[in-house]
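Below are my notes on the model, as numbered points. Please read them with the structure open.

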Amino acid sequence: MDETGLALSESNFVELHQIKYFLALTKALNFTRAAEECNVSQPALSRAISQLEGELGAKLFRRERNLTHLTEFGKKVEPELRQCFDASLNAKSVARDFLKLGQAPLNIALSRSIEMDSLSTLLGELAVAYPKIEIRIVRGAPREIGERLKNGEAEIGITGPLGYDWERIDAKKLYEQEFGLLLNMDNPLYLRNEIKLADLNHQRFLSRPFCTISEILVARLRELGPQTISKHEVPSIDDLPGLVLADFGIGIWPMTRRYNNRLSIVKIHDFDMTRPIYVHTVFGRKLSSAASAFILLLRSRDWSETGTYERSQAEQHA
Amino acid sequence: MNEPTVDEEYETCIDDCKAMDASINQRLDAMADDIRRITPEFAGMVDRLIVRLKNNGAGAATPSIGEPMPEFVLPDENGHLVSLSQLLETSQVVVAFHRGHWCPYCRINADAMAKIEAEVKAAGGQIVIILPETQKFTRKLKAEAGATYPILTDMDNGYALELNLAIVIDDEQQAYMTHMKWEFSEFQSNNSWIVPIPATFVIDQNGLIKGRFVDPDYRKRMDIDDLLDALRK
C-alpha cells in the first residue's frame, strides 16, 4: 500500500469550505448572493454544494427558477453541519489565543444551586490557558440568566432549563443534577425504608426562590388530593440546614452538596428529583476564545464523577 | 450454555486480534473478516460506504507531507488542555485520529500503539490520539489499551473538520450502530452523526508533517513500521 492509501485528490470528505458555502446558502437561499458573501464565484459555490450533496448522498437544496429551498434532508443535517463548523472555528480560536495575554474578561452566569467546587478545576485550567484573564461570575435564577445572555452581560449561562422564550438561545446538556429531601433525623420519615409522595402530606418544604424542583414537587403533591402542603423560601441555600435542624420543615437539597451531620438526605421513590443542567450561549454571537475553551472543558468533562456527597466516617462521628 | 451475544463475539475477536503475532493491518483484516461473519446482514454496508467515499468528487484534502500541521489545543482525558506546540517542544509527535472507543479497529489500533510507546520514544517521538468523545470514553479507551499517551477530545469534530477529515455517517451505518447499541449522542455529547476518517500524522519538531496515512477505509491504519520509519527519517 502506498503512503496515503489512495490518491487523495480523488477522495472527498466533508470539507470545511463546503460547509461554509452550505451555511451561507441556507441563509441567503440564493446562489448568487451566497457566492458574493463567501467571496467566490457562483459556479465555484454551486460545485462545492454539489460535491457536498454527493458526499452526503442526497440533495440539500431544491433549485427552482427564482427560489432555492432546503430539502427535508437539508433541514435535517443543517444543525449537525453548523455545529461541526462552529466547533472548527472555536477550536481554531482557542489554538490561536492559547497562553496569550490580553483576553477580554469572561462573564459567566451560574445557577445558585451549582456548587463552585464542581467548576473549580475547570476554572483553574482556564486560568492556565489564559494567564491574565479576568473571570466574573454572577449567580441568578434561570430567567435572570436568560436576560443576562440576551443583553450581553453574560457570555455563558450554566443552569437548568431557562424557561425563557428566546429563539436564539443555544443549550447544550452537561449532566443531570439530582436533588433529595434534607431531613431532621427526628422526622418520622427518616426511619422509613422508602418515601413515597403520599407520605409527604402535611409537610412544610423549604427551598430557595425559583427552585424549579420544589415548585414541581409541591404542584404534584397538590394534584394528589386535599393535602396541607406549604412551601417556604429562603434567600440563600445555606440558610436551609439551620431551619431543617430546628424542625421547621424539609429542605430541597442538591445531592452533591455537603450537609450538616445531624441531618440526613433521602430520595422520593415515586418522584424524579433531577433536572438537566445546560451550558447556554447565544446563537450567532461570536464567542471569545476563553469562552470557547471553557465550553470545551465543560462539555468534554466526565460529569458522572461528581457524584452524591457522602459523609466520611470522621464527619459522621463528629 | 447460552449462545454468545454479538457483543460478546465481537469482544472475543477483538482480544484475539490484539494478541495476533502479525502486522497491524493483518490484525485489522482479521477483525474485518470476523465482523463479516458475525454480522453478515451488515457485510455489504462497509464496502458501499468505502466506494461512496472513494468515488466522490474532488477537492482540497488534508495537509500533505512537508506542510505544517495546524495547531490544536484540546483537553486530554483528565481535562488538561494539551497543545501541539507544547508537545513539539519535547519531541516529534504522532497524531492519530480515531473514530471512537466503541470502534473495534480503533481499539486494536490503540492497543498496538500502546505496545510501541517505548520504541516511539526511542525514535524521538510521542503519541497522541484524538477522539470526538468526552472524557468518560477517552479514559475508557486509554485504560483498555494500557496506554500512557494522552487521548484528546475533539468536541463536535471541530479540529477534524479543519483538516477536512470529517464524514457524516449515512443512514445504513446509523442503523448498524444502533443495532450494536453504540450510543453516539452519549459518546460525543451532541446529536450528530459525524466522525473523523482515521488518519495518522507524524510531525517533526518544526511542526511539519513528515509521515502521513489517510484512508477513508476505516479498517486500514498506518503500518507500525511505517510510523517508526517516519519518526527516524
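1. In chain A, 71% of the contacts between residues at least 6 apart in sequence join residues at least 24 apart. Two residues are in contact if their C-beta atoms, placed from the backbone, lie within 7 Å. For chain B, residues 24 or more positions apart account for 70% of the contacts with a separation of 6 or more.

2. This is a predicted model, in which local features need pLDDT of at least 70 and side-chain atom pairs count only at pLDDT 80 or more, while totals for chains, interfaces and linings use all residues. Residues are numbered from 1 along each chain as its sequence is written, and chains are lettered from A and ligands numbered from 1 in the order in which they are written.

3. Chain A contains 10 helices and 11 strands; helices (H or I, at least four residues) and strands (E, at least two) are DSSP runs, numbered from the N terminus. Its radius of gyration is 26 Å, whereas a compact globule of 318 residues would have one near 20 Å. The radius is taken over C-alpha atoms, and the globule rule is 2.2 Å times the number of residues to the power 0.38. Along the principal axes, the C-alpha atoms of chain A fill a box of roughly 75 × 50 × 50 Å.

4. Chain B has 11 helices and 9 strands. Its radius of gyration, 17 Å, is close to the 17 Å that the globule rule gives for 233 residues, so chain B is as compact as a globular protein of that length. The C-alpha trace of chain B spans about 55 × 40 × 35 Å along its principal axes.

5. Of the 318 residues of chain A, 36% count as buried; in chain B, buried residues make up 44% of the 233. A residue is buried if 20 or more other C-beta atoms lie within 10 Å of its own, exposed if 12 or fewer, and partly exposed in between.

6. The largest nonpolar core has 107 residues, and A:I49, A:A293 and A:F294 have the most contacts inside it. Such a core is a set of buried Ala, Val, Leu, Ile, Met, Phe, Trp, Tyr and Cys residues joined through C-beta atoms within 7 Å. Beyond its neighbours within four places in sequence, A:A293 is in contact with A:V94, A:L126, A:A129 and B:L81.

7. Is A:H232 buried or partly exposed? A:H232 counts as partly exposed because it has 14 C-beta neighbours inside 10 Å. A:H232 sits in strand β8 (residues 230-233) of chain A and touches A:R204, A:L206 and A:G249, not counting residues up to four places away in sequence.
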